[in-house]
Amino acid sequence: MAGEKKVKITLNGKEIEVPAGQNLVDAAKDNGVEIPHYCYHPGLSVAGQCRMCLVEQEGNPKLQIACNMKCSDNLKITTNSEKVTSAVQSSLEMHLINHPIDCPICDQAGECGLQNYYMKHGKYHSEMREHKVNKEKVVDLGDHVVLDKERCILCSRCVRFTQEVSKTSDLGIFQRGDRAIIGTYNDESMKGNYQVNTVDICPVGALTSKDFRFEQRVWFLDEAPSVCSGCSQGCNVSVHHKKGKHIYRLKPRFNEQVNKWWMCDKGRYTYKESNYDKRLSSAQLGGIDLPFEEAIQAWTTDLKVLLAMERSDEVGVFVSPHHTHEELKSIIEVLVSQFGITKFYAEDIDAMVKADAPIDGFLYRSDAYPNSRGFLKVFQDKKIKLHSVNDLTAALSKGSINHLVMFIPEGDRILPVTGKIARAMKPDTFVVCLTPQKGATDQFPGALSLPSLSHYEKTGTVTNHMGLEQSMMAGFKMFKESHSVQEILGLLSSRYSDARHEKGRVGT
Amino acid sequence: MSNLESRSYLIGIVKGLITTGGHFFRNLLGFGNRPTIEYPEKRRNYSSRFMGVHILTKKKSGEIACTACMLCATNCPAECIHIVAAESPNPKVEKYPAVYEIDLLRCVFCGFCEEACPVDAIRMGRDYEVPELSERNFVVGIDYLMNRPSLQNKNISVFHEPERIAKMPEKKIA
């Protein structure tokens with residue numbers, strides 16, 4: 001919002017400068033004052049349902065809701081007066097009247113708006129003598145979302161999301177008074193590719209994700225900022241993992257330019273491909289585990305023989321745009337600059353980029369790689385020609401490539417391509433697979449496989465469809481034996497020069 | 001003189017034998033308080049606050065009372081509790097522990113799990129004799145924690161027997 005007109009408002013007696021027209025809740029948050037709110041969400045329209053954001057405005061005898069207030073000159077607001085505090089407490093008490101308080105079995109516990117505000121603005125003594133109204137629990141809303149009607153505080157965030165953002169209009173509020181419930185018309189399932197966003201924005205545990213249901217309590221989870229690997233949109237996500245050993249879920253991270261507060265369900269489940277159960281956990285030769293050092297040594301030996309006979313044109317490298325810029329840089333430094341390898345093969349990324357378009361008109365795009373544009377740019381800058389997969393299969397069946405380095409990303413989408421390559425290959429070709437995926441190397445029976453890092457463990461930069469470079473800072477590693485591409489190639493390069501200069505020295 | 005006394009070690013030996021013999025005959029003939037007991041037949045009365053092997057309590061129907069909220073695992077300083085939560089087969093119950101395991105060798109018997117539990121589903125029991133041949137047998141599951149014979153099926157959670165909770169005087173709202 002740079003360059004916009006600024007206005008001066010007084011917040012709790014302190015004069016602050018904020019952009020004109022900014023929402024008061026956001027303006028207060030930017031200046032370190034928290035105004036409690038449930039129904040207000042910066043990405044949605046203002047509803048004024050929850051009455052939690054009541055503030056005192058000078059010159060107005062009644063309390064006003066901050067979410068419906070735009071910052072203008074000489075606005076004088078108090079958020080910490082006796083009147084405001086007791087009003088907020090009473091609002092929260094009203095929200096809790098029919099809330100079941102089943103926190104022990106609620107997945108939201110630990111990140112729940114009711115819990116957080118109860119500790120800050122709770123009344124602690126309920127004045128209700130009536131029984132709580134019982135409503136339906138565990139309502140199935142399709143493939144991704146479970147609804148608990150009792151826990152809902154009717155903030156209508158999810159309703160507004162389906163109306164304004166995903167435009168599916170699945171959800172609505174039905175009935176009146178204390179019988180009012182959130183639901184779908186005729187109990188139909190929710191539709192579309194953006195259902196789980198309603199779970200993210202739900203301030204209580206009314207909407208919970210089926211995928212994450214009962215999986216883990218949120219206070220055990222650590223967060224790591226990353227970028228989604230699902231498509232070229234590059235939605236900012238935070239990876240929720242437990243001690244770096246198990247990824248439990250992805251949540252969108254706010255980015256004004258890319259995904260705002262949202263992400264699609266397809267992208268949300270891409271973590272499964274990176275998770276521990278799908279991963280290659282140690283180096284293998286022909287499916288049998290061997291120490292990483294020995295695997296590198298075996299690779300170095302074969303490469304050295306070929307390069308010593310000046311047959312570097314018999315080395316082929318299969319790359320794909322799942323690499324970060326840092327990985328591509330090390331690939332080019334080691335394989336091109338040091339070893340003089342020129343034969344690079346990839347899928348038809350150029351066509352993929354040209355055909356790239358949003359599939360559902362919102363976030364999800366047809367190009368399934370997170371870094372296609374950056375990938376093409378790196379190879380164009382270095383003037384390295386990328387050959388097609390058909391060229392590779394032809395060369396393999398002719399026998400003109402005897403040493404193939406495959407960088408195979410996690411996930412199933414690459415398997416048809418690698419399968420095609422595997423079928424064309426002669427059995428005596430030396431294949432090295434750098435892959436995080438367990439099943440990827442089954443197609444290459446005698447291959448040497450080295451476990452590399454999966455997308456959500458990587459630290460690096462990717463370029464999305466609009467050319468925006470975004471960095472990922474995961475900083476965790478599931479397996480001790482897996483290494484980043486940079487580390488593996490660096491080790492290869494140092495082993496290679498070691499072996500050349502110091503004859504007879506093997507291993508470490 | 002003192003040199004001679006220290007050199008004649010027999011005096012020291014006799015003194016020692018008198019002490020040992022005194023204990024021996026006192027224990028043999030049963031005078032005074034014996035420091036030892038005949039262990040397997042006789043047992044000491046432990047304090048009522050003694051904390052032994054945990055008990056998982058049940059509902060009256062015999063179902064496990066635990067709701068798998070994992071507060072015990074959160075509170076556990078030894079990280080010895082492993083819970084896998086799942087959808088309960090009983091449609092009236094939402095969440096239950098499909099796996100509840102305590103590694104008794106890791107456990108420090110501090111009782112923090114009991115304090116954390118909101119539904120009286122885990123208690124510190126009174127059993128302290130848990131001999132096993134293999135280390136892995138010390139990782140005990142629901143079957144042992146809830147249904148071992150020494151509990152005599154009396155481990156009903158007070159959360160499900162509200163009549164056993166002492167009535168507190170109702171608090172007046174200020």
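How much area do chain A and chain B bury between them, and what percentage of it is on carbon and sulfur atoms? In this predicted model, the two chains bury about 1,300 Å² between them, and 62% of that area is on carbon and sulfur atoms. The size of an interface is often given in this way, as the accessible area lost when the parts come together. On the side of chain A, the residues that lose the most area to chain B are Pro104(A), Ile105(A) and Phe214(A), which together account for 40% of what that side buries. Counted by residues, the contact draws 17 from chain A and 16 from chain B.

Charged and polar groups also take part in this interface. Between chain A and chain B the count is four salt bridges, and one that can be located in the model joins Glu87(B) to Arg213(A), with the closest N and O atoms 2.9 Å apart. The count of residue pairs in polar contact between chain A and chain B, with both residues at pLDDT 80 or more, is four.

Turning to the aromatic side chains, a search of the whole structure finds 14 aromatic pairs over all chains. One of them is formed by Tyr46(B) and Phe50(B), whose rings are arranged edge-to-face, at 4.6 Å centre to centre and with 85° between the planes. Tyr46(B) also pairs with Tyr128(B), and here the ring centres are 4.7 Å apart and the planes are at 0°, so this pair counts as stacked. Tyr46(B) lies in the loop between α2 (9–29) and β1 (54–56) of chain B, whereas Tyr128(B) lies in the loop between β4 (122–124) and β5 (139–140) of that chain, so the pair ties together parts that are 82 residues apart in sequence.

In chain A, ring pairs link Phe161(A), Phe254(A), Trp261(A) and Trp262(A) into a cluster.

Technical notes. Residues numbered from 1 in each chain as written. Chains lettered and ligands numbered in written order. Predicted model: local features only at pLDDT ≥ 70, side-chain atom pairs only at ≥ 80, totals over all residues. Heavy atoms only, no water. Phe/Tyr/Trp six-rings, centres within 6.5 Å; stacked < 30°, edge-to-face > 60°. Helix = DSSP H or I, 4+ residues; strand = E, 2+ residues; numbered from the N terminus. Contact = heavy atoms within 4.5 Å. Buried area = accessible area lost by both parts, 1.4 Å probe. Salt bridge = Lys/Arg side-chain N within 4 Å of Asp/Glu carboxyl O. Polar contact = N/O pair within 3.5 Å; in protein donor to acceptor, adjacent residues only side chain to side chain.
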